[in-house]
Amino acid sequence: MDTEGTIAPATAEEARERYRALGSTAQVVVKEVAKAMAMDADEYGERVTSDVVETARDALFASMLEVHVGTREEFDEWTAEHDAFAVTEVGSEHVDNAVWHVAPAAETVVAATFQDEREAAVGTLRRQAFGRVYRDIVASDGDDGSENASESDE
């Protein structure tokens with residue numbers, strides 16, 4: 001799989017830095033979506049909270065996670081060769097394919113199995129990896145990057 005532009009942070013600090021850097025991007029994305037929805041300044045101020053911007057940042061970070069795609073056997077071989085990594089797996093062990101994200105910052109690999117729906121599995125994996133590995137790492141940062149979430153320049 002093409003891994004250009006994807007991330008697999010080597011350290012917790014690197015993960016926090018990447019997450020922190022996405023704060024302003026998340027604000028822009030949310031603001032542009034609100035404009036596309038024709039929200040006026042009052043509605044924007046009422047509905048676009050710091051939680052909304054944080055959710056956008058979480059999704060952006062997750063969408064950037066590096067994903068490996070292969071057969072079940074290839075995943076099993078990878079885990080056998082990297083036994084220092086804890087494995088978290090979702091899905092059935094009785095299907096032919098797997099997607100996985102290696103998280104060196106947590107010495108963990110998160111995997112999802114699938115039969116036919118590769119793109120759905122990739123999306124599921126990225127959400128699972130963020131929730132199971134990175135959410136706690138980036139939460140310890142203290143900067144939610146959304147201090148101006150309720151401001152609108154409309």
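Trainee: Which backbone oxygen lies 2.8 Å from a polar atom of the side chain of threonine 113?
Mentor: A polar contact is a pair of N or O atoms within 3.5 Å; within protein, one must be able to donate a hydrogen and the other to accept it, and residues adjacent in sequence count only if both atoms are side-chain atoms. Here the oxygen belongs to serine 92. The model is predicted: local features need pLDDT of at least 70, side-chain atom pairs count only at pLDDT 80 or more, and totals for chains, interfaces and linings use all residues. Residues are numbered from 1 along each chain as its sequence is written, and side-chain values use heavy atoms, with hydrogens and water left out.

Trainee: Is threonine 113 buried or exposed?
Mentor: Buried means under 20% relative accessible area, exposed over 50%, and partly exposed in between (1.4 Å probe, protein chains only). Threonine 113 has 13% relative accessibility and therefore counts as buried.

Trainee: How is the pair of phenylalanine 75 and tryptophan 100 to be read?
Mentor: A pair of aromatic rings is described by the distance of the centres and the angle of the planes. Rings of Phe, Tyr and Trp (its six-membered ring) pair if their centres lie within 6.5 Å; planes under 30 degrees apart count as stacked, over 60 as edge-to-face and the rest as tilted. The structure holds 6 such pairs. For phenylalanine 75 and tryptophan 100, the centres are 5.2 Å apart and the planes stand at 50°, so this pair is tilted. The two residues lie 25 residues apart in the chain, and both are buried.

Trainee: Which residues form one aromatic cluster?
Mentor: Tyr19, Phe61, Phe130 and Tyr134 do.

Technical notes:
Helices (H or I, at least four residues) and strands (E, at least two) are DSSP runs, numbered from the N terminus.
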